[in-house]
Amino acid sequence: MRRMRSEVITVRTGSRPTVQDITAEAEQFVSGQGDGLLHVFVPHATAGLAIIETGAGSDDDLLTALDAVLPTDNRWRHRHGSPGHGRDHVLPAFVAPYATLPVLGGRLALGTWQSICLVDTNGDNTTRQVRFSFLPG
């Protein structure tokens, strides 16, 4: 019987909103695993995952778009933490805290410019946990 394999990594996100590429860590986790599915999950109420291009400005564009849709101001009812922190708790409704990706021959089946990115707008937490789970095919 084939079993699911799971591992948690810690990602340092710092004290400012960030889009952090974790593709290399995901690739290392599935390397040599054959065919199956990789499920990536962020067990936090104020972070999410995005599959986007990085390095060409899209990561900064995503943060700009999130600021436009979810401004850091005092409109939020959830008010503990730094000013505007309520928006961080709404973020996972827009940027889901999970993603599932195909793995073929022990390699992620991402498109040419796609990367797996941790999206963290909450400067109150400087580190995040990310769970990788591989389900063999």
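Predicted model: local features only at pLDDT ≥ 70, side-chain atom pairs only at ≥ 80, totals over all residues.
**Threonine 13**

I then looked up where it sits: the loop between E1 and strand E2 (18-21). Its side chain makes a polar contact of 2.8 Å with the side chain of aspartate 120. I also listed what else threonine 13 touches, skipping neighbours within four places in sequence: Thr18, Gln20, Leu118, Asp120, Asn125, Thr126, Thr127 and Arg128.

**Aspartate 120 and strand E4**

Aspartate 120 turned up again when I checked bridges: this E7 residue is the bridge partner of alanine 47. I wanted to know how many bridges join E4 to E7. I got six, with the two strands running antiparallel. For E4 I also looked at burial, and five of its six residues are buried, so the strand is largely enclosed by the rest of the structure.

**Isoleucine 22**

Next I went to isoleucine 22, in the loop between E2 and H1. Isoleucine 22 is buried, at 0% relative accessibility. Leaving out residues up to four places away in sequence, I find it touching Val11, Val40, Leu49, Ile116, Leu118, Val130 and Phe132. I also took one C-alpha distance: isoleucine 22 to asparagine 122 is 18 Å, for a pair 100 residues apart along the chain.

**Cores**

Which residues have the most contacts inside the largest nonpolar core? I noted Ile22, Leu38, Val40, Leu118, Val130 and Phe132, in a core of 19 residues. Another core lies apart from it, with twelve residues, including Leu66, Leu70, Leu91 and Val95. As background, I jotted down that nonpolar side chains in soluble globular proteins tend to be buried together.

**The open sheet**

I traced the strand order of the five-stranded open sheet as E1-E8-E3-E5-E6, with antiparallel pairing. Strands E1 (5-12) and E6 (107-108) are at the edges with a single partner strand each, so one side of each has no neighbour in the sheet. At the E6 end, I counted two bridges between E6 and strand E5 (residues 98-104), in the antiparallel sense. Leucine 104 stands opposite arginine 107 of E6 there. I then asked what lies across this set of strands. Helix H1 (residues 23-30) does, lying across E1, strand E3 (36-41), E5, E6 and strand E8 (127-136), at about 35° to E8.

**Whole chain**

Last, I stepped back to the overall numbers. I count three helices and eight strands, and from the N terminus they run β-β-α-β-β-α-α-β-β-β-β. The radius of gyration is 16 Å, close to the 14 Å from the globule rule for 137 residues, so the chain is as compact as a globular protein of that length. Along the principal axes, I get a C-alpha box of roughly 50 × 30 × 20 Å. Of the 137 residues, 40% are buried. For contacts with a separation of 6 or more, 82% are between residues 24 or more positions apart.

Key. Residues numbered from 1 in each chain as written. Heavy atoms only, no water. Pairing = 2+ DSSP bridges. Helix = DSSP H or I, 4+ residues; strand = E, 2+ residues; numbered from the N terminus. Contact = heavy atoms within 4.5 Å. Axes fitted to C-alpha atoms, helices over the stretch in contact; angles between N-to-C directions. Polar contact = N/O pair within 3.5 Å; in protein donor to acceptor, adjacent residues only side chain to side chain. Buried < 20%, exposed > 50% of the residue type's maximum accessible area, 1.4 Å probe, protein only. Core = buried A, V, L, I, M, F, W, Y, C linked by side-chain atoms within 4.5 Å. Rg over C-alpha atoms; globule rule 2.2 N^0.38 Å.
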